[in-house]
Amino acid sequence: MNLKSSVATMKFVTDGGLGTKARLGLIVLQTDQTIEHEFANLFVQQDAVALYAARIPNDMRVTQATLRQMSIDLPHTARLLAPQLKFDVIAYACTSGATMIGEARVDELIRDSHPAAKTTNPLSASKAAFGALGIRRIALVTPYAIDVTVQLQASLCDAGFEINAVATFDQTDDFTVARISADSILNAVLEIGKRDDCDGVFVSCTSLRTMQIIGDAETRLGKPVISSNQALAWHMMRLACISDSPVDAGCLFTANFS
């Protein structure tokens with residue numbers, strides 16, 4: 001029996017595929033246990049918007065040196081997001097990494113293979129979020145070692161924001177960071193955010209599980225609470241002209257974007 005002769009060849013037509021409204025790329029840390037879970041609840045499931053992720057190698061130890069090391073692998077990882085998809089926005093999902101490598105350098109390394117894409121990262125996104133919310137005096141919560149936290153604080157100060165209170169869980173192990181409980185994060189946000197000289201709280205790090213506490217924290221503080229994942233998702237959406245406002249995602253999604 002000729003097996004080939006028994007295989008039917010079917011006719012087909014093609015359409016625009018997924019992401020006809022927007023195609024979004026996300027460069028996720030190899031060790032990150034959180035952002036994809038939180039993004040799944042932030043991005044409304046619709047065929048017109050497609051989100052694709054690639055993972056970048058990184059050291060489990062979060063230090064200034066290991067964070068800067070990611071600049072070597074960033075171009076290769078960006079190319080794993082197939083340029084043929086013609087991404088509208090690509091994000092590098094590491095707040096501290098963007099701080100150490102530099103926002104402009106991150107943009108340059110991504111756009112080497114995606115020249116037409118808009119780019120962002122949690123540091124740039126958080127600055128845009130503060131501007132959209134009209135807040136300048138910020139309380140900062142991080143999980144990082146003190147030297148990395150200080151570098152982030154300096155970057156925000158250089159951008160014109162007042163960082164009047166800083167707190168850290170002082171961790172260098174990214175595995176541990178992802179296991180910090182939501183209650184611990186909430187307690188830190190409430191403690192540092194109650195100061196009168198702070199208009200809002202920024203919780204830095206894509207590995208921290210923040211989305212489940214933002215609504216409660218904002219209600220109890222009466223102030224905006226911004227997290228790395230929340231700000232990054234918001235910025236990616238708005239750069240791609242997506243006006244979605246996820247439920248219980250904080251007041252940021254009601255802010256005007258320009």
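Trainee: Is phenylalanine 257 buried, partly exposed or exposed?
Mentor: Before we start, remember that this is a predicted model: local features need pLDDT of at least 70, side-chain atom pairs count only at pLDDT 80 or more, and totals for chains, interfaces and linings use all residues. Residues are numbered from 1 along each chain as its sequence is written, and side-chain values use heavy atoms, with hydrogens and water left out. Buried means under 20% relative accessible area, exposed means over 50%, and partly exposed lies in between (1.4 Å probe, protein chains only). The relative accessibility of phenylalanine 257 is 31%, so this residue counts as partly exposed.

Trainee: How many helices and strands does the protein chain have?
Mentor: Both are DSSP runs numbered from the N terminus: helices are H or I runs of at least four residues, and strands are E runs of at least two. Counted this way, the protein chain has 10 helices and eight strands.

Trainee: Why does the protein chain count as compact as a globular protein of its length?
Mentor: The radius of gyration is taken over C-alpha atoms, and the globule rule is 2.2 Å times the number of residues to the power 0.38. For 258 residues the rule gives 18 Å, so the chain counts as this compact because its own value is close to that, at 20 Å.

Trainee: What share of the residues in the protein chain is buried?
Mentor: Here we use the cut-off of under 20% relative accessible area again. Of the 258 residues in the protein chain, the buried share is 52%.

Trainee: How many aromatic pairs are there?
Mentor: Rings of Phe, Tyr and Trp (its six-membered ring) pair if their centres lie within 6.5 Å; planes under 30 degrees apart count as stacked, over 60 as edge-to-face, and the rest as tilted. Under this rule, the number of aromatic pairs is five.

Trainee: Which kind of pair do phenylalanine 39 and phenylalanine 43 form?
Mentor: Their ring centres are 5.1 Å apart and their planes meet at 50°, so the pair is tilted. Phenylalanine 39 is buried at 1% relative accessible area, and phenylalanine 43 is buried at 9%.

Trainee: Which residue pairs with tryptophan 234, and in what geometry?
Mentor: The partner is phenylalanine 257, with ring centres 5.4 Å apart and planes at 90°. This pair links distant parts of the chain, since tryptophan 234 is in helix α10 (residues 228-239) and phenylalanine 257 is in the segment after α10, 23 residues apart. Tryptophan 234 is buried at 0% relative accessibility. So the rings of tryptophan 234 and phenylalanine 257 have a geometry that is edge-to-face.

Trainee: Over the ring of which residue does the charged end of arginine 136 sit?
Mentor: A charge sits over a ring if NZ of Lys or CZ of Arg is within 6 Å of the ring centre and within 35 degrees of the ring normal. Ring pairs join Phe130, Phe161 and Phe202 into a cluster. The charged end of arginine 136 is 4.4 Å from the ring centre of phenylalanine 161.

Trainee: Which side chain makes a polar contact with the side chain of asparagine 58?
Mentor: A polar contact is a pair of N or O atoms within 3.5 Å; within protein, one must be able to donate a hydrogen and the other to accept it, and residues adjacent in sequence count only if both atoms are side-chain atoms. Asparagine 58 lies in the loop between β2 (49-56) and α2 (64-80), and at 15% relative accessibility it counts as buried. At 2.9 Å, the partner side chain is that of threonine 31.

Trainee: Where does threonine 206 lie, and how far is its side chain from the backbone oxygen of alanine 93?
Mentor: Threonine 206 is in the loop between β7 (200-203) and α9 (211-221), and it is buried at 3% relative accessible area. Contact means heavy atoms within 4.5 Å. Beyond its neighbours within four places in sequence, threonine 206 is in contact with residues including Asp32, Ala93 and Asn229. From a polar atom of its side chain to the backbone oxygen of alanine 93, the distance is 3.4 Å.

Trainee: What is the phi of cysteine 241?
Mentor: Most residues other than glycine have a negative phi. Cysteine 241 lies in the segment after α10 and is exposed, with a relative accessible area of 63%. Although cysteine 241 is not a glycine, its phi is positive, at about 60°.
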